[in-house]
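Subject: Handover of a structure model

Dear colleague,

Please find below the structure that I am handing over to you. My notes on it follow directly after.

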Amino acid sequence: MTTNKTTIRTGEKAEVLITGITHSGAGVGRYHGLAVFIPGTLPGDKVLAEVLEKKKNYAVARLLEILEPSSCRLEPQCVHYAACGGCRLQHVSYKEHLRLKTGLVQDSLARIGGLGEVVVGETVGMEHPWHYRNKVHFKVEKQDGRYQLGFFEEGSHNLTDFFSAGNCRQPGCLLVDTGLNQLASLCGTLLNKYGGDLEREPVFFRHLVLRKAFFTGEMMAVVVTGSRDWPREKDFASELMSQQPGITSLVRNIHTGLSGEIMGKEFRLLAGRDAIYDRLAHLTFRISPDSFYQVNPLQTQILYGKAAEYAALTGKETVLDAYSGIGSIALYLSQQAGKVYGLEVVSAAVEDARHNAVLNKIGNAEFLAGKVERLLPSLAGQGLRPDVVVLDPPRRGCDQEALITVIAMEAPRLVYVSCDPGTLARDLGYLVGKGYQVREVQPVDMFPWTHHVESIVLLQKQFVTNLRG
Ligand SMILES: C[S@@+](CC[C@H](N)C(=O)[O-])C[C@H]1O[C@@H](n2cnc3c(N)ncnc32)[C@H](O)[C@@H]1O
């Protein structure tokens, strides 16, 4: 029987030339006309793969052998690369990796947003794309008679232990700041020392969340426990604080619920201050344990610089920063604006933003707590007509109610910051359908070696720009 796309079977071995990449970082090629997704491959590779799953329009296969490598193929540097799955592009040269990310954004805009004519700028990369993360959350699991710290392997609940004795060749994650890796390793040792007898009533540790302010060097550790009791909590805290002088904030979070959130609602300060302080450009920021803060400080400066360029402020404009976190973009733009508003749902982040305005002696910023989709209509109802709206939503993008109100407010300029090209494309498509024009799209590599990419986009309202400008 001749093989064609309908007779392909699972278990079949396929020779595939990879010609593209998916949004989750897998290589894509064709086998008898059917698209085949093969993780761990990249355009230019010729590979032998085993079909694992066959659907009507595509198949998923497992890489067995690289028959001819792409000229852009690299030996991954991380010893955990294969098991961890977090760095899905570590086998791709950095130059090619940036080119692929630009392509991913371009492809989303065309396919999802119907914006094939929009030109996407080249992704801005990093000079040293390692140890760039200022935050990490390690999963804590009981395995082989001890608490282990690491990440779940892709698609499973098996933990890749990043700090066991067998992994001493590379303790920690290559994307994470080296000071945070050292702190994680020490925390792992002390959780084992003070976590209780693993056989009888051990403490249920869920996560270890670590943060570092790159500019000030301050570090924060949040130990997330699933149980309330932790008899030796004080011993843990005092030994950690004495052994690691850089740690300025040690917090316990109690998360007894079933939700998949990393942290629960209850925080307890164990030692030091309840927040860390960092500097970004000319500003100082307080960052509380549950507030969002961009994870790559060097690239954040590039991102915020672009936001200022796109906002094109002259000193008198009203700026609305939707999804404002600790107020960083609003405060960054405040010196060139008449008035800035920030809208944010996490109340601790709103408190940080208000505190940050005072800390930086900024008097023209106002921060409101609540969901953007609720606050915006009420601000519009009160007659607020911003000149610039910054949208920096989480991965799921903007709620349609929020976009409807932004359109009704007729802001001449929108600056859309996104970490998900798919939802960005969806929202841009909607805004373009309602009279906005995409002027510039600039991807910034905030997450080197992973398949994630940040983009910043300038949109302008057609016609109204002239009337109001
Ligand atoms: C990608 S972060 C951006 C934060 C900030 N612009 C920055 O650069 O650090 C998205 C923020 O939106 C907040 N958020 C998520 N959903 C929201 C909603 N429906 N309304 C208001 N804020 C929301 C999150 O808590 C988070 O602080």
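Which residues does Val415 touch, not counting residues up to four places away in sequence? They are Ala307, Tyr310, Ala311, Val388, Val390, Ile456 and Leu458, where a contact requires C-beta atoms, placed from the backbone, within 7 Å of each other.

Please note that this is a predicted model, in which local features need pLDDT of at least 70 and side-chain atom pairs count only at pLDDT 80 or more, while totals for chains, interfaces and linings use all residues. Residues are numbered from 1 along each chain as its sequence is written.

The domain assignment, which is automatic or taken from a database, gives domain 1 (13-73), domain 2 (105-126 + 296-468) and domain 3 (135-275). The centres of domain 1 and domain 3, taken over C-alpha atoms, are separated by 38 Å.

The barrel

In an unreviewed entry, UniProt lists residues 7-65 as "domain: TRAM"; such annotations use the numbering given here, have shortened feature names and may be inferred rather than shown by experiment. This span is 0% helix and 61% strand, and its end C-alpha atoms lie 23 Å apart. Helices (H or I, at least four residues) and strands (E, at least two) are DSSP runs, numbered from the N terminus.

Five strands close into a barrel in the order β1-β2-β3-β5-β4, with mixed pairing; two strands pair if DSSP finds at least two bridges between them. From one strand to the next, the twist averages 50°, with axes fitted as lines to C-alpha atoms (for helices over the stretch in contact) and angles running from 0 to 180 degrees between N-to-C directions.

Strands β2 (residues 27-31) and β3 (residues 34-38) run antiparallel and are joined by 5 bridges, and Arg30 stands opposite Ala35 in β3. Their hairpin has 2 residues between the strands, and His32 takes a positive phi near 50° there. By contrast, β3 pairs with β5 (residues 58-68) in the parallel sense over 3 bridges. Strand β4 (residues 46-54) is joined to β5 by 8 bridges and runs antiparallel to it. Val60 in β5 has Phe37 opposite it, and Glu53 also stands opposite Val60.

The open sheet

An open sheet of 7 strands has the order β17-β16-β15-β18-β19-β21-β20, with mixed pairing. Its edge strands, each pairing on one side only, are β17 (365-369) and β20 (436-444). Neighbouring strands of this sheet are turned by 15° against each other on average, direction ignored. Between β20 and β21 (residues 454-461), which run antiparallel, there are 8 bridges; the bridge partner of Glu440 is Leu458 in β21.

Annotated positions

The UniProt annotation "binding site", again from an unreviewed entry, covers Gln294, Tyr323, Glu344 and Asp392. Tyr323 is found in the loop between β15 (318-322) and α6 (328-334), whereas Glu344 is found in strand β16 (residues 339-344). Tyr323 counts as buried because 21 other C-beta atoms lie within 10 Å; the cut-offs are 20 or more for buried, 12 or fewer for exposed and partly exposed in between, with C-beta atoms placed from the backbone. Glu344 is also buried, with 28 other C-beta atoms within 10 Å. Leaving aside neighbours within four places in sequence, Tyr323 is in contact with Glu344, Val372, Leu391, Asp392 and Pro393.

With kind regards

Terms used: Contact = placed C-beta atoms within 7 Å.
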